[in-house]
Amino acid sequence: MYDTLRQIANESGFWSDDAHRFLLSPHVYEISEAARAELDGLGQALHQCLAGIGRIAAIALNPELGQSKAWRAIAAMLSAQVPSLYKEIMLSRPGSVPAIYKVDLLVSKTRWHLIEIDGQNTENHGYAILTQKLCEAVRPGGQTLLGVVAAIADYLKKRGHDHLALVYAEPENPHHSNFYLPAFRILQQELARLDIALLVSGERNVYIEGKKLIVDGKEVRGFMDLPLFRHNHELGEYMV
């Protein structure tokens, strides 16, 4: 078992350099059917809550609607620390954006504790896929949570798409990019298994040709993530 887990871990690329020093546990974290139902209910409630907040933001941030002092206070709170580039996206589809979000939970003996909500966190797809592979090795055929990658592939296929792009912001220190690339590669391999090509590229290797966005020489229209680009501001404005 140790050799099997070690092979899966090594193939992931996470430990190919000094960028990662994670410790893996060989123990499977079990969720009872009751806990799974509770998580499903929490997810549905959270989705409805965020959709409602999105609609409130659409009113508060519209100067023709949110004119009172209370609405202005709500607008200031909901727009705090949001880059100006993204504010238009906040209001484009307030009831359905974001469609995917990452929730950090802690579990005690009696309840779940919600710690943080991220609008999207692309590298966590890679972590989730790696975890699924480890669980399958420890308990073959065991029932696990499905994750969202299969749902993303299914969504694209139903709309006639067979590829999308993951363009990541490039930090000043190239070593920092290496921290995330293994997770992106795992995601790329899993989507390829589901017949979806994921083009992974740094922002400097993407260019605009007329009204087309070119990644690795191929026009793309779908994106896995929308990071705040540090070096290619024209690209950020185009994607928005």
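## Helix 2 and helix 3

In this predicted model, helix 2, which spans residues 33–60, and helix 3, which spans residues 69–78, have axes that come within 9 Å and cross at roughly 120°. An angle over 145 degrees would count as roughly antiparallel and one from 65 to 115 as roughly perpendicular, and helix 2 and helix 3 are therefore described as oblique to each other. The crossing in which helix 2 passes helix 3 is left-handed.

On the side of helix 2, the contact is formed by Ile53, Ile56, Ala57, Ile59 and Ala60, while helix 3 contributes Trp71, Ile74, Ala75 and Leu78. Sorted by class, the residues in this contact of helix 2 with helix 3 are 9 nonpolar, with no polar and no charged residues.

Serine 79 lies in the loop that runs between helix 3 and helix 4, the latter covering residues 84–92. Its relative accessibility is 16%, and because the cut-off for a buried residue is under 20%, serine 79 counts as buried. When residues up to four places away in sequence are set aside, serine 79 touches Leu61 and Lys87.

## Helix 1 and helix 5

The handedness of the crossing of helix 1 and helix 5 is right-handed.

In this pair, Thr4, Leu5, Ile8 and Ser12 of helix 1 meet Leu130, Lys133, Leu134, Ala137 and Val138 of helix 5. By class, the contact of helix 1 with helix 5 comprises 6 nonpolar, 2 polar and 1 charged residues, whereas the contact of helix 2 with helix 3 has 9 nonpolar residues and neither polar nor charged ones.

Threonine 131 and alanine 9 are separated by 122 residues in sequence, yet their C-alpha atoms are 9.7 Å apart in space.

Glycine 126 is also placed in helix 5, but its relative accessible area is 0%, and glycine 126 is therefore buried. Across a sequence separation of 60 residues, glycine 126 and isoleucine 186 are 5.2 Å apart in space, C-alpha to C-alpha.

## The protein as a whole

The helices discussed here belong to a protein with 8 helices and 7 strands. Of its 240 residues, 31% are buried, and serine 79 and glycine 126 are both in the buried class. Among the contacts in the protein with a separation of 6 or more, 65% are accounted for by residues 24 or more positions apart.

The accessible surface of the protein comes to about 15600 Å², and 54% of this surface belongs to carbon and sulfur atoms.

Note on methods. Residues are numbered from 1 along each chain as its sequence is written. This is a predicted model: local features need pLDDT of at least 70, side-chain atom pairs count only at pLDDT 80 or more; totals for chains, interfaces and linings use all residues. Side-chain values use heavy atoms; hydrogens and water are left out. A crossing is left-handed if the near helix is turned anticlockwise from the far one by less than a right angle, and right-handed if clockwise. Helices (H or I, at least four residues) and strands (E, at least two) are DSSP runs, numbered from the N terminus. Contact means heavy atoms within 4.5 Å. Ala, Val, Leu, Ile, Met, Phe, Trp, Tyr, Cys and Pro count as nonpolar, Asp, Glu, Lys and Arg as charged, and the others, Gly among them, as polar. Buried means under 20% relative accessible area, exposed over 50%, partly exposed in between (1.4 Å probe, protein chains only). Accessible areas come from the Shrake-Rupley method with a 1.4 Å probe; for residues, only the protein chains shown count as cover. Axes are lines fitted to C-alpha atoms, for helices over the stretch in contact, and angles run from 0 to 180 degrees between N-to-C directions. Angles under 35 degrees count as roughly parallel, over 145 as roughly antiparallel, 65 to 115 as roughly perpendicular and the rest as oblique.
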